[in-house]
Amino acid sequence: MLYFYNLNVNIIMFIKEYIEKTRHTRHSKSGKIHDYFRNKTIVLLRCDNCDKIFQRPRGSMDPNRINNNYFHVCETCDSKKFAQRMGITRKKIWDMPASSDLDISKL
Ligand SMILES: [Zn+2]
């Protein structure tokens with residue numbers, strides 16, 4: 001299990017990614033049960049709307065968007081409303097380099 005301790009220091013939205021090992025069982029032709037494992041890459045993001053840390057399987061995301069130039073909104077937030085509210089500032093932020101130390105929450 002992975003815990004994220006450093007909540008107050010990071011202002012970035014893309015926090016990290018990690019491999020999650022999941023265990024599955026499958027029935028073989030002879031009726032035996034076999035365990036097998038799969039590695040799934042999970043991306044940890046911070047919601048730009050509510051600041052909640054959430055995670056997504058990397059495979060479900062556009063790889064070009066896994067960086068800090070994009071907003072990421074969690075499942076419980078309405079991404080369309082968020083986009084409307086941020087409409088004016090969005091372009092400015094999206095054009096920023098990822099290394100910018102500008103505090104998004106103060107915009
Ligand atoms: Zn949210």
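Colleague: How many bridges join strand β2 to strand β3?

Modeller: This is a predicted model. In it, strand β2 covers residues 33-46 and strand β3 covers residues 53-57. The two strands run antiparallel, and the number of bridges joining them is five.

Colleague: Which residue in β3 is the bridge partner of L44?

Modeller: Strand β2 spans residues 33-46 and is joined to β3 by bridges. The partner of L44 in β3 is Q55.

Colleague: Which residue in the turn of the β2 and β3 hairpin has a positive phi?

Modeller: Six residues lie between β2 and β3 in this hairpin.

Colleague: How many bridges join β1 to β2?

Modeller: Strands β1 and β2 run antiparallel. One of the pairs places R26 opposite H34 in β2. The number of bridges joining β1 to β2 is 13.

Colleague: Which residue takes a positive phi in the hairpin of β1 and β2?

Modeller: This hairpin has five residues between its strands. A positive phi near 90° is taken there by G31.

Colleague: Which residue stands opposite F37 in β2?

Modeller: F37 is found in strand β2. Apart from neighbours within four places in sequence, F37 is in contact with K21, T22 and R23. One of these contacts is 14 residues from F37 in sequence and 4.6 Å from it in space, C-alpha to C-alpha. The residue opposite F37 is R23.

Colleague: Is F37 buried or exposed?

Modeller: The step to take is a count of other C-beta atoms within 10 Å, where 12 or fewer makes a residue exposed. For F37 the count is 9, so F37 is exposed.

Colleague: What percentage of the residues of the protein count as buried?

Modeller: The elements run β-β-β-α-α from the N terminus on, which amounts to two helices and three strands. The protein has 107 residues, and the share that counts as buried is 7%.

Colleague: What is the mean pLDDT of the protein?

Modeller: A pLDDT of 70 or more is reached by 67% of the residues. Over residues 5-11 the pLDDT is below 50, and this stretch has four contacts in the model beyond near neighbours in sequence. For the protein, the mean pLDDT is 75.

Conventions
Residues are numbered from 1 along each chain as its sequence is written. This is a predicted model: local features need pLDDT of at least 70, side-chain atom pairs count only at pLDDT 80 or more; totals for chains, interfaces and linings use all residues. Two strands pair if DSSP finds at least two bridges between them. Helices (H or I, at least four residues) and strands (E, at least two) are DSSP runs, numbered from the N terminus. A residue is buried if 20 or more other C-beta atoms lie within 10 Å of its own, exposed if 12 or fewer, and partly exposed in between; C-beta atoms are placed from the backbone. Two residues are in contact if their C-beta atoms, placed from the backbone, lie within 7 Å. pLDDT is the predictor's confidence in each residue, from 0 to 100.
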